[in-house]
Amino acid sequence: MSVYVVGHKIPDSDSICGAIALANLKNAIDEPAIAARLGELSPETAFILEKFGFQAPEFKTSYAGEEVFIVDHSELTQAPDDIAEATIVGIVDHHKLGDLTTSTPLECWIRPVGCSNTIIKMMYDFHGVAIPKDIAGIMMCAILSDTVIFKSPTCTTADIKCVEALAKIAGIEDFKELGMDMFKVKSAVQGTPVRDLVMRDFKDFNMNGHLVGIGQLEVIDLSVFDDIKAELATDIAALKAEGGRHSMLLLLTDIMKEGSELLIVSDDATLTERAYGKTTENGRVWLDGVLSRKKQIVPQLQKALA
Ligand code: MG
Ligand code: MG
Ligand code: MG
């Protein structure tokens, strides 16, 4: 029986490249595995897979009765809907520990680093398996994406060393240039429906019983949103109502200025003041230095909603 290796809902490059890389490792050590995904590829991920010659993993939403290795999350809200009917054999993740539980022992690789693919590299090293050239390429790109080319406060020296090693294996001389090419692809938002943008990198969190949705768009220049910011704000209000959410946040992250404009609709008018020490104006607030949802947005919000 093959193990399915799958990342979170609304998969990002870490979830997709991680599933491919980990399935490859498992197969190399004679543990049959199949990479899978819970949603469509983002333009950035499509760019990475095309560059290194990979097909998208199998689209599969139901895992009842299957064995599953979870990548890049440990939250029920981000996992397959029927995960309770599957057997979780392992988790590789770099987020806060979520609320997934298991009924059998599992292999857990959870580290406070910038990307799941950095941990997957540790798994290759642990098993003494050489990383194939093209797998190294997609792993490297996933790390550059998650760490915002090392600018994110989540980035560790382990991530930087890992990218340098993977770049060598992949034969990529200027990995920062490739990283910027990826963020250029991410920044091409013109012509994309507003709902698609809000949902592109979106996660729901259960914060002490409050359902909170947080989207993030990372671009090279925030001016790409000038014409559509009002529509984005209207759409997060609609999504809040549709999902019965307590709060909806959308982070518009400027990776060059290194900060984020937060758009928010919430049942709690003082939320940003308590979480981030800043009041919103018309549902908007600039958060200087904020690049990371997992480190600079979620923990503070969770505390404020305790
Ligand atoms: Mg992710
Ligand atoms: Mg990740
Ligand atoms: Mg991210």
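What share of the contacts in the protein with a separation of 6 or more comes from residues 24 or more positions apart? It's 63%. Keep that in mind as you click around this predicted model.

**Whole chain.** Along the principal axes, the C-alpha atoms fill a box of roughly 55 × 45 × 35 Å. Colour by burial next, and 54% of the residues come up as buried.

**Charges.** Now show the charged side chains: 29 are positive and 45 negative, with the centres of the two sets 4 Å apart. Between them there are 18 salt bridges.

**Helix α3.** Select Lys 121 and Asp 125, a salt bridge with its closest N and O atoms 2.9 Å apart. The two residues sit four apart in helix α3 (residues 116-127), about one helical turn. Lys 121 is buried at 14% relative accessibility, while Asp 125 is partly exposed at 47%.

**Helix α8.** Move on to Glu 242, which pairs with Arg 195 at 3.0 Å, N to O. That joins helix α8 (residues 229-242) to helix α7 (residues 194-199), across 47 residues of chain. Lys 240 is buried (13%); Asp 267 is exposed (54%).

**Last stop.** Select Lys 26, Glu 31 and Glu 107 to see a salt-bridge network.

Conventions: Residues are numbered from 1 along each chain as its sequence is written. Chains are lettered from A and ligands numbered from 1 in the order in which they are written. This is a predicted model: local features need pLDDT of at least 70, side-chain atom pairs count only at pLDDT 80 or more; totals for chains, interfaces and linings use all residues. Side-chain values use heavy atoms; hydrogens and water are left out. Buried means under 20% relative accessible area, exposed over 50%, partly exposed in between (1.4 Å probe, protein chains only). Contact means heavy atoms within 4.5 Å. Lys and Arg count as positive and Asp and Glu as negative; His and the chain ends are not counted. The place of a charge is taken as NZ of Lys, CZ of Arg, CG of Asp or CD of Glu. A salt bridge is a side-chain nitrogen of Lys or Arg within 4 Å of a carboxyl oxygen of Asp or Glu.
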